Amino acid sequence: MKPPMSERRWARWAWGWAVVGSLISLGASVAGAGDERVVSRIAFGSCANQSAPQPIWDAIVKFDPQVFIWLGDNIYGDIRRPLQLFGKERTTGPWKNVPRFVPSSEQEMESRYTRAKTNPGYSRVRQNAKVIGTWDDHDYGLNDAGKEFGGKITNQRLLLDFLDEPKDSPRRNQAGVYASYTFGPVGKQVKVILLDTRYHRDPLFSDGSILGSEQWTWLEKELMGPATELTIIGSSIQVVSNHSAATGPMFYLEAWGRFPKEMDRLFKLIAENKRDGVFFISGDVHFGEIARYDCGVGYPLFDITSSGLTQSVEKAVPPPLNMVLRFVAWLTPSTMRVMSRNCRFRSCTYGLPNFGAIEIQWGENPVKLIIQVRDTDGHPVTSANVSLSELRAYNGKLVAADTTGGYKRHCSLEVTLPWIIRYRLAILFYCAVAVCFLAFLGIAYGVGSFCWKCLRKCKLD
C-alpha cells in the first residue's frame with residue numbers, strides 16, 4: 001500500500017534537503033574526485049598582472065602540465081596609488097593621510113578577470129590542463145587584507161567564475177574558496193588541498209587565526225581522509241620560510257611564521273594524522289625559492305615558492321640595482337632555504353618571473369619527485385630531487401623544533417637565530433645610511449669651508 005501523497009512529497013522533500021546538507025557539509029572536498037588519469041606533471045604560479053606582458057605561458061605550455069594551480073594574485077584587482085611623500089594625498093611617510101591601495105569596483109574586477117582569462121598563452125594552458133586555484137590579497141580585493149574586507153563575498157563569486165567553477169558547486173555556498181581535489185587511480189593518487197588564507201584571517205601582528213574555525217575543521221577532515229601517495233597543500237603565503245624574522249623592521253612579508261600558533265597547529269595536525277607524502281606550494285613574495293623544515297612532522301616538509309608569473313623584485317628596480325638585490329638575498333639569513341650548486345644564483349632565490357614545476361616519476365622504484373622553479377624559458381633556476389620514501393614519518397614520532405638556541409640547518413626557526421645574525425641585514429642597512437649621512441655632512445662641510453674661504457678672499461681683494 002502506497003503512503004498518502006502528502007507523506008510521499010514530505011519524504012522526497014526531506015530526502016532532497018538531506019542530500020543538499022550532506023553536499024554542503026562536504027564543502028569543496030568533492031571537487032576533482034574520481035579523476036582516474038595518472039598525473040605526472042603539475043605546474044603552478046602566482047602574481048600575474050593582467051596588464052603586463054605574459055610570455056611565461058609559452059614555457060608552461062611547453063612543460064605540458066596536466067594540472068595548473070593558481071596560488072593567488074591571479075589578477076591585480078585593487079588600485080595602487082603612486083608613492084607620494086608630500087602634497088594633498090600622501091600615501092607614504094610619517095605624514096601619510098590616505099591608504100596606498102584601495103579596492104576597485106565589481107565591474108572593474110570583472111573586466112580585469114576577463115582580460116586575464118582571454119590571454120592567448122593562458123588560453124592554451126586551459127585547453128590542455130585542469131586549472132584549479134585559490135586567491136591571495138590582490139585578487140581578494142585589497143593589499144594585505146583579511147577577514148575585515150567587505151568585498152570578499154562578491155569577489156569570491158568572481159574568482160570562481162574565473163576558475164570555471166560549476167554553478168552548483170558547494171564551493172560557491174561556503175565562506176571562503178578553500179577546496180580539495182584527488183587525481184589519479186589508487187596507488188598513484190595525488191591529493192591537492194588549497195587553503196584560503198584571506199577570508200578568515202585575523203589582523204597582522206595579532207598571532208590570531210589564518211584559516212578560521214570552519215576551515216580548520218574542514219582541513220582536519222581532509223587530512224584524516226583516505227591515504228594518497230602525495231598530498232600537496234597550496235597556500236598563497238609561505239608556510240616554511242619566515243623572512244620577516246630577518247628583514248624586519250625594514251619591511252615585512254606575509255607568512256605563516258607571523259602567526260606562530262597557527263603554524264604549530266598546522267604541523268601538529270599533519271603529524272597527529274600520520275599523513276605521509278605532504279609538501280607545500282606557495283606564492284606572494286615576488287621571488288622563487290625552495291625551503292624545507294625537518295623538525296615538524298617526522299620527515300622533511302618542503303615548500304616550493306613560485307612568485308610571480310609577471311611580478312618580481314628585480315623587475316621592480318632599475319637593472320643596475322639587480323646585483324644589489326641578489327647580494328641582499330644572499331646576505332639575508334634563511335635557516336630553511338634549500339641551497340644547491342644547481343641554483344642559478346648563489347642565494348638560491350630567483351627574483352625574475354618564474355613558475356613552479358613538479359614532475360612525478362611513477363615508474364621509478366621508489367617513486368621520485370623533481371620539484372623546480374623555472375624561468376620564462378622553462379629552464380630550472382633552483383630544484384630538488386626527492387624520493388617519495390623520504391616523505392614518510394620516522395616511526396610516527398614527532399620531532400620537536402629546536403628552541404634551545406643551538407643552530408640546526410632546516411630545523412632552527414629564523415626567530416631563534418642570534419640577534420647579530422638575525423638582524424645583520426638591518427645592521428648593514430643602518431650602518432650604510434649612517435656612512436652616507438656622515439659622508440654627506442663631510443662633503444657639505446668641505447663645500448661650505450671652500451665657499452667661505454673664497455668669500456673671505458674676495459672681500460680681502
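1. Basis. This is a predicted model, in which local features need pLDDT of at least 70 and side-chain atom pairs count only at pLDDT 80 or more, while totals for chains, interfaces and linings use all residues. Residues are numbered from 1 along each chain as its sequence is written, and side-chain values use heavy atoms, with hydrogens and water left out.

2. Overall content. The chain has twelve helices and 14 strands, taken as DSSP runs (H or I, at least four residues, for helices; E, at least two, for strands) and numbered from the N terminus. Of its 461 residues, 50% count as buried (under 20% relative accessible area, 1.4 Å probe, protein chains only). Among contacts (heavy atoms within 4.5 Å) between residues at least 6 apart in sequence, 69% join residues at least 24 apart.

3. Six strands make an open sheet of mixed pairing, in the order 6-7-8-9-11-10; two strands pair if DSSP finds at least two bridges between them. Strand 6 (179–183) and strand 10 (289–293) are the edge strands, each pairing on one side only. On average, neighbouring strands of this sheet are turned by 20° against each other, direction ignored.

4. Strand 10. Strand 10 runs antiparallel to strand 11 (residues 301–305), and five bridges join the two. Ile290 has Ile304 as its bridge partner in strand 11. Although strand 10 is an edge strand, five of its five residues are buried. Glu289, Ala291 and Tyr293 lie on one side, Ile290 and Arg292 on the other, and both faces are covered.

5. Helices on the sheet. Helix 9 (residues 260–272) packs on the sheet and touches strand 8 (230–234), strand 9 (278–282), strand 10 and strand 11. The direction of helix 9 makes about 150° with that of strand 9; angles run from 0 to 180 degrees between N-to-C directions, and axes are lines fitted to C-alpha atoms, for helices over the stretch in contact.

6. Helix 3 and helix 6. The axes of helix 3 (residues 106–117) and helix 6 (residues 152–162) come within 10 Å and cross at roughly 15°. Helix 3 is therefore roughly parallel to helix 6 (angles under 35 degrees). The contact involves Glu106, Met109, Glu110, Tyr113, Ala116 and Lys117 of helix 3, and residues of helix 6 including Arg157, Leu158 and Phe162.

Conventions:
Parallel < 35°, antiparallel > 145°, perpendicular 65-115°, else oblique.
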